[in-house]
Amino acid sequence: MPSIEKIAIIGLDCAEPSLVFDKWFEELPNLRRLCRRGTYGHLESCMPPITVPAWSCMSSSKDPGTLGIYGFRNRADHSYEKLSIATSLSVREKRIWDMLDAHGSGSIVLGVPGTFPTTRLQHGCMISCFLAPDIASDYTYPRELKNEIAQVVGEYMIDVKGFRTDDKQWLLDQIYDMTAKRFKLARHLIHSKMWNLFWMVEMGTDRIHHGFWQYMDPSHHRYEAGNRFENAIHDYYIYLDGLIGELLAELDLEKTAVWVVSDHGGKCMHGGFCFNDWLIRGGYLVMKEPALSQRKFQFSEVDWSKTRVWGEGGYYGRCFINLQGREPQGIVPQNQWESLRDELITKLEALRDDGGRPMGTRAYKPQDIYHQVNGVPPDLVVIFGDLSWRSVGTIGNSSLYVFDNDTGPDDANHAQQGMYILAHPSLPAGGRRDASLYDVTPTCLKLLGRAIPPDLRGVSLI
């Protein structure tokens with residue numbers, strides 16, 4: 001195989017493969033060109049398919065259980081209320097830029113989720129992700145890189161803060177502004193820094209899906225034909241393809257392997273299933289006082305002497321058991337833990353939707369899906385309706401099914417299948433071939449002629 005000196009990874013958070021490869025393929029000339037000279041397909045995400053931890057899973061080739069990161073917020077210990085935010089300090093496994101840095105290879109890391117606070121690279125630079133509070137923070141390594149960024153793009157945008165909003169024109173303008181600045185900075189960095197690995201992630205794809213899916217998708221319950229924003233997502237994908245083309249024009253494609261990847265896909269969100277209300281109705285969760293109207297679930301209001309199970313809301317559900325000897329007021333005997341998990345799986349997977357149809361919910365034991373189970377895992381990982389439904393944590397809802405998001409307007413959920421394209425003249429134009437996000441890092445190591453550690457979950461696609 002001819003020598004590959006560099007790898008450029010263009011990450012598009014939440015980019016949906018059916019939109020890229022099927023619906024708009026002929027309108028995306030730069031992505032289409034990469035597909036036709038390389039390999040592409042679905043890139044199966046981690047379980048659960050959540051931005052945090054998915055990008056860290058991809059860059060380390062380790063699963064959420066091994067990382068001990070099960071979402072953006074995680075239980076800090078086995079007390080009821082203490083939560084921790086999964087920052088870069090939570091990632092104790094080496095990511096590919098750490099592996100390369102140890103061998104003297106330079107990396108540019110731009111906006112990859114899970115990189116705040118930034119970590120020191122002996123041979124590279126890092127611009128942090130949406131977890132950074134603002135640009136007044138130390139969101140770069142080295143610190144003085146902030147001044148250079150300001151000279152290149154002006155006021156850099158880490159993320160669109162408050163993207164769950166009804167002001168859709170403002171949101172659209174913000175997404176375009178953020179994306180333009182990120183790609184402009186990317187073009188600057190690839191010329192001004194020494195690197196073997198360039199890895200950027202654009203969050204605009206995720207933000208536009210969550211903000212505008214209802215305007216595009218006739219299957220969404222709020223879709224109206226001919227609405228003002230019907231082409232918002234389509235036009236943004238066309239715009240992105242153009243920016244990717246501009247970036248490719250700056251690369252030496254004879255010496256650089258190019259990836260375009262997403263950490264998960266996106267799909268229509270039909271609604272939310274009220275997980276804790278369902279547990280209350282089943283007698284698993286008991287409150288000190290009945291919830292007569294919708295309110296936030298508060299641990300202080302739970303009667304722990306009678307509660308066996310509680311749940312958390314989000315794009316997927318986390319189910320926790322009040323286990324004796326583990327939780328402070330646990331009542332479920334250790335010898336009933338497995339049977340209770342099995343009972344819950346059976347009932348959850350038999351759930352029906354608001355129309356009485358089988359919902360298609362799946363519940364997983366972490367020990368069955370991860371190589372290791374570190375940190376404080378949920379007792380069950382629950383995927384409601386193949387991710388067409390999210391998990392609602394509030395209580396006192398009038399129905400188990402809700403169609404408005406309690407954290408602000410949100411039209412889309414994540415999908416288990418993301419996308420990837422891998423292209424380089426030395427690689428066969430292999431056409432469509434599905435892969436896993438865990439395969440990205442071992443493939444990159446192989447391309448660069450580096451040894452692949454034996455404990456990685458993925459395999460090289462080469």
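Strands here are DSSP E runs of at least two residues, numbered from the N terminus.

A word on the source: this is a predicted model, where local features need pLDDT of at least 70 and side-chain atom pairs count only at pLDDT 80 or more, while totals for chains, interfaces and linings use all residues. Residues are numbered from 1 along each chain as its sequence is written, and side-chain values use heavy atoms, with hydrogens and water left out.

Now, which order do the 4 strands of the open sheet follow? They run β12-β13-β15-β14, with antiparallel pairing; two strands pair if DSSP finds at least two bridges between them. At the edges sit β12 (309-312) and β14 (362-364), each pairing on one side only.

Let's walk across. β12 and β13 (residues 317-321) share 4 bridges, and V309 faces I321 of β13. Next, β13 and β15 pair over 3 bridges, with C319 opposite L380. Finally, 3 bridges join β14 to β15, where A363 has V382 as its bridge partner.

And the cavity? A cavity is a set of points on a 1 Å grid over the protein atoms alone where a 1.4 Å probe fits but cannot get out. The whole structure has 1 cavity of 30 Å³ or more, volume being the space filled by probe spheres set on the points, which are joined across faces, edges and corners. Thanks, everyone!

Technical notes. On a 1 Å grid over the protein atoms alone, a cavity is a set of points where a 1.4 Å probe fits but cannot get out, and a pocket is an open set with protein on both sides within 12 Å along at least five of seven lines; lining residues have an atom within 4 Å of a point.
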